[in-house]
Amino acid sequence: MKIEERVMRTFRERFGEEARWLVRAPGRVNLIGEHTDYNDGFVLPMAIDRAVWIAARPRMDGQVRLYSLDFEEEIVLDTALLQAGGESWGAYVTAMGGVLSGAGYEVVGWEGVMAGDVPIGAGLSSSAALELGVARVWSVAGGWDWDGSRMAQLAQKGENEWVGVQCGIMDQMISAMGKEGQALLLDCRSLEVDWVPLPAGTAVVVLDTGTRRGLVDSAYNERRQQCEAAARFFGVKALRDVSLAEFERREMMLEKTMGKRARHVISENERTLAAAVAMRAGDAERLGELMNASHESLRDDFEVSSRALDVMVNCAWEAGCYGARMTGAGFGGCAMALVAAEGVDEWVKRVAAAYEEQTGNEAQVYVCQPMAGAGVEAETI
């Protein structure tokens, strides 16, 4: 049974009638541009056909009651008394309600059932999918217009200030604004967007290592602080403002670790812009080369890869692909590869078998399609 059918059926069973709305918000895979978003840089994600689904209807008492099929747990919130705190999935729902209310949006009550197939902690932005999914429900329940860019900014604010993860804007923006068949080149400073297609005859494959990390407890915030310190050294607002030539001229004056972090971010911005050029030209080989260089930089300079991620990427390289790299914040989770569409199913089997042989872990490997962002998939009156 499809996930959307499960949430609709469970809604009927719990509440005795049909849901009024069925909302979907996608996860994402980032093709290139990692740890550049909170440095005001460039990223190139695409929304994927793995998502959070919520069946919902309005309530008149100001409460939000949301049951998660995945966690087998219900949260109950009073929209007039939203407070930050907690480490469960409910903290993200509370955060979204809090920032929407603080921005002047009407945050009304509703009840719903939720489920998803975005792996949690895998670097595919399950948290952003949850945030944008509940924001989309609040928009239809409250009767206010949906502004994807504004909702993404508020979701980022909620995660930064309410949850405590100092993430950039990329995950929320692509979940809110994804476009079918396209990847999104995003300027994380201006929030200017440009849509670029995948090269013809290629497929994007997500390579889930089966290892997980929690961003709040990881070195993510430490990396951000190191980048901010490097920007102060160069006397700029963010590392996006430093050219590779300037970095190389002054690199020897930087503390060694700070220099490695800065080198990754500055070179990754250049790779990301070059990747968009390659995609517009349909140049899969050039795009793959840039992805490979990105992984090496994340592994060696930003030091956010892991043994599992490196083994998975090596398996992809050895099986034959245009390029492969870790994706997401790192420390575990997923890699991704750009592969020739012809024969991709056999390629997937080879990589999964090689990874399991080398690590003893079972990999989840799946081909993804670029999808639209958060939306209302069905509505009954």
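Visitor: What makes helix 5 (residues 170-177) mostly covered?
Guide: The model is a predicted one. A residue counts as buried under 20% relative accessible area, and seven of the eight residues of helix 5 are buried. Those are Met170, Asp171, Gln172, Met173, Ile174, Ser175 and Ala176.

Visitor: What covers the buried residues of helix 5?
Guide: The cover includes strand 1 (21-30), strand 2 (42-43), strand 3 (45-58), helix 3 (126-142), helix 4 (148-163) and strand 7 (182-187). Helix 5 lies across strand 1 and strand 3, and runs at about 135° to strand 1.

Visitor: Why is strand 9 (residues 202-208) called largely enclosed?
Guide: Seven of its seven residues are buried, so strand 9 is largely enclosed by the rest of the structure. Thr202, Val204, Val206 and Asp208 point one way, Ala203, Val205 and Leu207 point the other way, and all are buried.

Visitor: How do you know that strand 9 pairs with strand 11 (residues 334-340)?
Guide: Pairing takes at least two bridges, and seven join strand 9 to strand 11, with the two strands antiparallel. Strand 9 is also joined to strand 12 (residues 364-368) by five bridges, again antiparallel. Val204 has Leu338 as its bridge partner in strand 11 and Cys368 as its bridge partner in strand 12.

Visitor: Why are helix 10 and helix 11 called oblique to each other?
Guide: The axes of helix 10 (residues 307-319) and helix 11 (residues 344-359) cross at roughly 140° and come within 9 Å. Roughly antiparallel is over 145 degrees and roughly perpendicular is 65 to 115. Helix 10 and helix 11 are therefore oblique. Their crossing is right-handed.

Visitor: Which residues make the contact of helix 10 with helix 11?
Guide: Among them are Val311, Met312 and Cys315 of helix 10 and Trp347, Val351 and Tyr355 of helix 11. The residues of this contact divide into ten nonpolar, two polar and three charged.

Visitor: What makes strand 5 (73-78) and strand 13 (375-379) edges of their sheet?
Guide: The sheet is open, with six strands in the order 5-4-6-3-1-13 and mixed pairing. Strand 5 and strand 13 each have a single partner strand, so one side of each is left without a neighbour in the sheet. Strand 5 pairs with strand 4 (residues 63-68) in the antiparallel sense over six bridges, and Ile75 in strand 5 is the bridge partner of Leu66.

Methods. Residues are numbered from 1 along each chain as its sequence is written. This is a predicted model: local features need pLDDT of at least 70, side-chain atom pairs count only at pLDDT 80 or more; totals for chains, interfaces and linings use all residues. Side-chain values use heavy atoms; hydrogens and water are left out. Axes are lines fitted to C-alpha atoms, for helices over the stretch in contact, and angles run from 0 to 180 degrees between N-to-C directions. Helices (H or I, at least four residues) and strands (E, at least two) are DSSP runs, numbered from the N terminus. Angles under 35 degrees count as roughly parallel, over 145 as roughly antiparallel, 65 to 115 as roughly perpendicular and the rest as oblique. A crossing is left-handed if the near helix is turned anticlockwise from the far one by less than a right angle, and right-handed if clockwise. Contact means heavy atoms within 4.5 Å. Ala, Val, Leu, Ile, Met, Phe, Trp, Tyr, Cys and Pro count as nonpolar, Asp, Glu, Lys and Arg as charged, and the others, Gly among them, as polar. Buried means under 20% relative accessible area, exposed over 50%, partly exposed in between (1.4 Å probe, protein chains only).
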